[in-house]
Amino acid sequence: MSDQSAVPSLPLPGGASIPQLGYGVFKVENDVAADVTVQALEAGYRHLDTAKVYGNEEGVGRAIRASGVAREDIFLTTKLWNDAQRFDDAITACEASLERLGTEYVDLYLVHWAVPVQGTYVEAWKALVELQKRGLARSIGVSNYPLPQLREAIDATGVVPSVHQIELHPYFQQRELRAFHEEHGIVTESWGPLGQGKSDLLENAAITEIAAAHGATPAQVVLAWHLASGLVTIPKSVTPSRIVENLAAAQLELTAAEVAAIDALDRPDGRGGADPSTKES
Ligand code: NAD
């Protein structure tokens with residue numbers, strides 16, 4: 001069940017492609033990340049998601065080198081933190097991330113949050129456009145941009161983000177942003193895909209019934225729903241068996257009726273993380 005060839009990829013503008021199921025390392029301490037990321041690569045993941053603010057870029061870079069997996073076979077994402085959105089700061093921050101990761105480029109660089117109140121989300125996006133030109137980031141995107149700020153960044157530059165990484169799970173399905181993404185060819189990437197362990201999502205009867213029908217786990221059902229919905233997703237676990245279990249979700253095929261049953265779980269108050277419209281720093 002560790003066959004990465006089972007993980008589909010989605011095309012990105014410019015000829016790159018992004019594996020739909022990756023491995024996230026939010027809240028994983030640097031030395032632990034160095035260990036669990038090797039396990040993830042050994043299990044077969046070829047897509048890693050870190051960020052400057054996670055404090056584990058060095059550990060992730062160490063894991064890549066220790067794994068023996070060729071750098072070009074890995075899709076690596078990191079993110080610009082909110083305190084470095086000024087143009088020159090963003091360029092320097094990306095260079096510093098690459099230094100910590102021990103690589104000459106990332107496959108995807110994201111502005112981590114718009115933080116509308118700071119008023120620098122367009123400037124940050126302009127810096128990412130420059131970083132892509134310089135080859136430091138093969139693809140560029142944003143994360144946690146409310147629709148007005150996303151439109152503004154696109155209008156100011158004429159450059160559409162390749163990817164928008166947003167909180168997304170069955171209780172919070174982000175239909176409005178997804179419709180905009182579809183219209184503009186933006187790949188939607190789900191963070192917190194399992195609900196971050198903050199709700200009863202994995203005990204929800206609709207999900208546990210589908211899991212029982214397939215002899216799968218609730219987490220696998222939720223991840224299979226992300227994949228069937230055309231989303232990219234990056235579940236996190238530091239538990240070896242769950243690292244393998246989550247990747248194997250790529251082999252689980254849900255019926256249209258099962259996908260529809262999970263679609264029906266969307267809730268107006270389903271957000272679990274910070275609201276990107278009001279986040280202040
Ligand atoms: P997640 O939804 O992936 O939940 C992770 C938690 O779910 C684990 O800590 C564990 O408690 C549980 N879990 C994992 N596998 C399980 C399994 N098989 N069975 C039962 N429980 C399981 O939440 P996340 O880590 O916050 O999000 C995933 C990734 O998204 C992060 O690691 C990070 O890379 C990214 N992320 C990005 C942002 C952003 O602002 N862009 C914010 C949060 C997370």
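Start with arginine 71, which forms a salt bridge with aspartate 107; their closest N and O atoms are 3.0 Å apart. This pair links distant parts of the chain. Arginine 71 sits in the loop between α2 and β5 (75-80), while aspartate 107 belongs to strand β6 (residues 106-111). Keep in mind that the model is predicted.

Now consider accessibility. Buried means under 20% relative accessible area. Arginine 71 has 16% relative accessibility, so it counts as buried. Aspartate 107 has 10%, so aspartate 107 counts as buried too.

Move on to arginine 86. Its salt-bridge partner is glutamate 123, with 2.6 Å between the closest N and O atoms. Here again the pair links distant parts of the chain. Arginine 86 is in the loop between β5 and α3 (87-101), and glutamate 123 is in helix α4 (residues 121-133). They are 37 residues apart. Arginine 86 has a relative accessible area of 48%, so it is partly exposed. Glutamate 123, at 24% relative accessibility, also counts as partly exposed.

Salt bridges that share partners join Asp31, Glu58 and Arg62 into one network. Look at one link in it. Arginine 62 forms a salt bridge with glutamate 58, and the closest N and O atoms are 2.8 Å apart. Both residues lie in helix α2 (residues 57-67). They are four residues apart, about one turn of the helix. Arginine 62 is partly exposed, at 33% relative accessibility. Glutamate 58 is partly exposed as well, with a relative accessible area of 30%.

Across the whole structure, a search finds nine salt bridges.

Note on methods:
Residues numbered from 1 in each chain as written. Predicted model: local features only at pLDDT ≥ 70, side-chain atom pairs only at ≥ 80, totals over all residues. Heavy atoms only, no water. Salt bridge = Lys/Arg side-chain N within 4 Å of Asp/Glu carboxyl O. Helix = DSSP H or I, 4+ residues; strand = E, 2+ residues; numbered from the N terminus. Buried < 20%, exposed > 50% of the residue type's maximum accessible area, 1.4 Å probe, protein only.
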